[in-house]
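The sequence and the structure come first.

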Amino acid sequence: MNNRLILRNITRTFRDGTANRTVLDQLNLEVAAGELVAVMGPSGSGKSTFLSIAGALLEPSSGQVEIDGESILGKSPDTLSKLRLHKIGFIFQNANLIPYLKVEEQLRLVASLAGIHKADAAYRARQLIEQMGLSHRSSAYPDKLSGGERQRVAVARALMNDPAVLYADEPTASLDSARGQDVVSLIAQQVKAEGTSAVMVTHDERILSLCDRVLLLKDGRLKEHP
Ligand SMILES: Nc1ncnc2c1ncn2[C@@H]1O[C@H](COP(=O)(O)OP(=O)(O)O)[C@@H](O)[C@H]1O
Ligand SMILES: [Mg+2]
């Protein structure tokens, strides 16, 4: 199995007054290419901390993170930001689009940051806009889009750099049920088509059937969801 994301014995503690609080405790996870894994867990259980570590935004206190065959341990901030730009896609609860850029321009901005050739970027942006069902919206500004449309732009933007791994932190939290299912089924389709490894943190029971595996973050570790 070609695992594109491997977390090994991840521990993370935070200073809490005078004591250390252990949020992640020897957590292990492997996600294969083309696999969409859902992670559930109560508020404060460490889900965002876990995604930040998997996304090279936060260092673990100990343990290993491997993305697309490469260990990120001990890499410089510059190397990590390049890794995020080229290998990782992020989707958050809110789309966080840039207000003064049209849909198509939001996507091309990511491509230009990642150093993708202009013609390739334009092609990829058009392709993703079509796949997200947004062709008629490609020249619209974010304030003219519905919540579901905005989140689909955020999905397209996260996929622009053709990432090896994709992370979503409660991507449906601001959407109604039908819109939420649309967004997650688009994520699932892309993950299958591109062989991306994806982890989605969610509280939304209605989208679990669209995921390949459901895990529960409890006592600092990931367990099979009963
Ligand atoms: N930067 C930080 N400094 C101190 N404590 C933190 C920090 N980030 C998260 N925590 C603590 O870690 C725990 C887990 O937080 P978080 O990962 O945001 O949980 P979740 O996303 O599951 O709600 C919380 O108790 C939170 O207060
Ligand atoms: Mg969180």
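The model is predicted. It holds 1 cavity of 30 Å³ or more, and the space in the largest cavity is about 30 Å³. L36, I91, L166, Y167, A168, I187, A198, V199 and M200 form its lining.

By residue class, the lining of the largest cavity consists of 9 nonpolar residues, with no polar and no charged ones.

## Ligand 1

The residues that surround ligand 1 are F14, R21, V23, P42, S43, G44, S45, G46, K47, S48 and T49. At least two residues of this shell come from strand 2 (19-32), and at least two from helix 1 (47-54). Helix 1 has the largest share, 3 residues. The shell around ligand 1 divides into 3 nonpolar, 6 polar and 2 charged residues.

Backbone atoms of several shell residues lie close to oxygen atoms of the ligand. For G44, a polar backbone atom is 2.7 Å from an oxygen atom of ligand 1. For S48, a backbone N or O atom lies 2.9 Å from a ligand oxygen atom, and for S45 the corresponding distance is 3.2 Å. Ligand 1 taken alone exposes 560 Å², of which the protein buries 57%.

## Largest pocket

About 380 Å³ of space lies in the largest pocket. It is lined by 15 residues, and those closest to its centre are L85, F90, V110, R157 and A158.

Four elements each supply at least two residues of the lining: helix 2 (77-87), strand 6 (88-91), helix 3 (103-113) and helix 5 (147-159). Helix 3 gives the most, with 4 residues. The lining of the largest pocket comprises 9 nonpolar, 4 polar and 2 charged residues.

## Second largest pocket

The second largest pocket contains about 210 Å³ of space. Its lining has 16 residues, of which E59, P60, I72, L73 and G74 lie nearest the centre. Strand 4 (residues 62-67) gives the most to this lining, with 4 residues.

In the lining of the second largest pocket, 9 residues are nonpolar, 5 are polar and 2 are charged.

## Pairing of strand 9

Strand 9 (residues 213-218) runs parallel to strand 3 (residues 36-40), and 4 bridges join the two. In this pairing, M40 stands opposite L216 of strand 9. L36, which lies within the range of strand 3, is also one of the residues that line the largest cavity.

Strand 9 is also joined to strand 10 (residues 221-224) by 4 bridges, and these two strands run antiparallel. Here L217 stands opposite L222 in strand 10. The hairpin of strand 9 and strand 10 has 2 residues between the strands, and D219 takes a positive phi near 50 degrees.

## Overview

The sites described draw on these elements. Helix 1 contributes the largest share of the shell around ligand 1, helix 3 gives the most to the lining of the largest pocket, and strand 4 gives the most to the lining of the second largest pocket. Strand 9 is joined by 4 bridges to strand 3 in a parallel arrangement and by 4 bridges to strand 10 in an antiparallel one.

Definitions and conventions. Residues numbered from 1 in each chain as written. Chains lettered and ligands numbered in written order. Predicted model: local features only at pLDDT ≥ 70, side-chain atom pairs only at ≥ 80, totals over all residues. Heavy atoms only, no water. 1 Å grid on protein atoms, 1.4 Å probe; cavity = no way out; pocket = protein on both sides within 12 Å on 5 of 7 lines; lining within 4 Å. Points joined across faces, edges and corners; volume = space filled by probe spheres on them. Nonpolar A, V, L, I, M, F, W, Y, C, P; charged D, E, K, R; others polar. Near = heavy atom within 4 Å. Polar contact = N/O pair within 3.5 Å; in protein donor to acceptor, adjacent residues only side chain to side chain. Areas by Shrake-Rupley, 256 points an atom, 1.4 Å probe, with all protein chains shown as cover. Pairing = 2+ DSSP bridges.
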